[in-house]
Amino acid sequence: MSEHRLLMIPGPIELEPSVLAAMGQRSTSHVDPDFVPVMGRAIAALRTVMLAPSAQPFVIAGSGTLAMEMACASLIERGDRALVIDTGYFSARMASILERLGAEVTRVSATPGEVPSIDAIDEAIRATKPTLVAITHVDTSTGVRIHVEPIARLAKEHGALVVLDAVCSAAGEVIRQDAWGIDVVLTGSQKALGAPPGLAVLTVSEAALARRRARKTPPASLYLDLLEWLPIMQAYEAGKPAYFATPAVSLVCALDQSLAGIVREGMETRFERHARVARAFRAAFAALGLAMLPARDAICASTLSAVRYPSGVDASLAQAMRDEGVVIAGGLHPDLKATYFRIGHMGSTDRAELLTTIGALERALTRGGHPCEPGVGVTAAMRALAS
Ligand SMILES: *Cc1c(COP(=O)(O)O)cnc(C)c1O
């Protein structure tokens, strides 16, 4: 590859040098005595990262979508009712997965940039009595973050399992899986977990595993069945190798390094850093005359920002940013795609990446027809960081 450009999209993200080094090691056997503890450590660390001491972690070769399929395929039987809290593109994907599995799916939707009200969700739970409620924590298509805890509480009160698509939030946004009573938190390795793409990650409650065991028929897919993987995860954590399907050895080595860094930083510190950096980004956007896609500050994600193009600027902004050395993402929500761009700020993003990105944005906007006084955004970002 040519010259390095700073990667500021909502995954894959920039990798720490220790993670890159782990990826570069010679390949080993998946049952090698040197690899077994690496896999075991990664599994154990996920309980710390998800604040889920009672959950069972799973690390499986595949992307975040595979983690979505595993949760649904293991927990849904044909004819089961599921409620999808719909905040955008990835909620729609969750609904499709559930429908293909034969679930009767109800959606509580909001206009893009908004979240459904808790009253609407309460009403839908009462009306449909779902066995599973699926929530997208941060919908990556709109940069909207939903308040998970009260929804989980309502779902639990009605005996539903709660599945949280945390692909764009886990290890960046506050998640307290045990305290909030979430049955499945699922994510992918390439977002705030700070590893390369290629691993599906889930932490699963005992209640969810009990639901899987109580099924009338096993899931149609062998690979997607959590129960097939359970003894494998338990064996590795106990320091013993086991085989069901080959783990992605190099990626697990990278994930282990990344998780070690996350645990060292500490979850509360990490949540706070993400929130602070995101606020500074928003301060800079405001100073540059740009509006956020999310309707309110309180529902703006800390892991990425979705920002509307100012008048006169279009999707060519991404190329102008690339010329300035920073890679950003375009819109994703089908209804609004052409009207906004997205900047990811998760993982190890801190001051340096923030200031580089905003500096590049000032220049790219000016070139694109929205003149910015040099330094206006950067100054606002620095002020926000200091306050
Ligand atoms: C990225 C993402 C996914 C899909 O993950 P892949 O690794 O691309 O399969 C699902 N949900 C959310 C919220 C995401 O951000």
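How far is an oxygen atom of the ligand from an N or O atom in the side chain of Thr140? The distance is 2.3 Å, which falls under the heading of a polar contact, a pair of N or O atoms within 3.5 Å.

This is a predicted model, in which local features need pLDDT of at least 70 and side-chain atom pairs count only at pLDDT 80 or more, while totals for chains, interfaces and linings use all residues. Residues are numbered from 1 along each chain as its sequence is written, and side-chain values use heavy atoms, with hydrogens and water left out.

**The ligand and its surroundings**

| Side chain | Ligand atom | Distance |
|---|---|---|
| Thr140 | oxygen | 2.3 Å |
| Asp165 | nitrogen | 2.7 Å |
| Lys191 | oxygen | 2.7 Å |

Taken alone, the ligand exposes 380 Å², of which the protein buries 89%; such accessible areas come from the Shrake-Rupley method with a 1.4 Å probe. The elements that give two or more residues to the shell around the ligand are helix H3 (64-75) and helix H4 (89-100), and H3 gives the most, with three residues. Helices here are DSSP runs of H or I with at least four residues, and strands are runs of E with at least two, numbered from the N terminus.

In total, 14 residues surround the ligand, and the closest are Ser63, Thr65, Thr140, Asp165 and Lys191; a residue is counted if one of its heavy atoms lies within 4 Å of the molecule. By class, this shell has five nonpolar, six polar and three charged residues.

An open sheet of seven strands has the order E2-E10-E9-E8-E5-E3-E4, with mixed pairing, where two strands pair if DSSP finds at least two bridges between them. Strand E2 (56-61) and strand E4 (104-109) are its edge strands, each pairing on one side only. Within this sheet, strand E3 (residues 81-86) runs parallel to E4 and is joined to it by six bridges, and Ala82 stands opposite Val105 in E4.

A second open sheet, of three strands, has the order E11-E14-E13 and antiparallel pairing. Strand E11 (304-308) and strand E13 (329-330) stand at its edges, each with a single partner strand, so one side of each is left without a neighbour in the sheet. Five bridges join E11 to strand E14 (residues 340-344), and these two strands run antiparallel, with Arg308 opposite Tyr340 in E14.

Conventions. Polar contact = N/O pair within 3.5 Å; in protein donor to acceptor, adjacent residues only side chain to side chain. Nonpolar A, V, L, I, M, F, W, Y, C, P; charged D, E, K, R; others polar.
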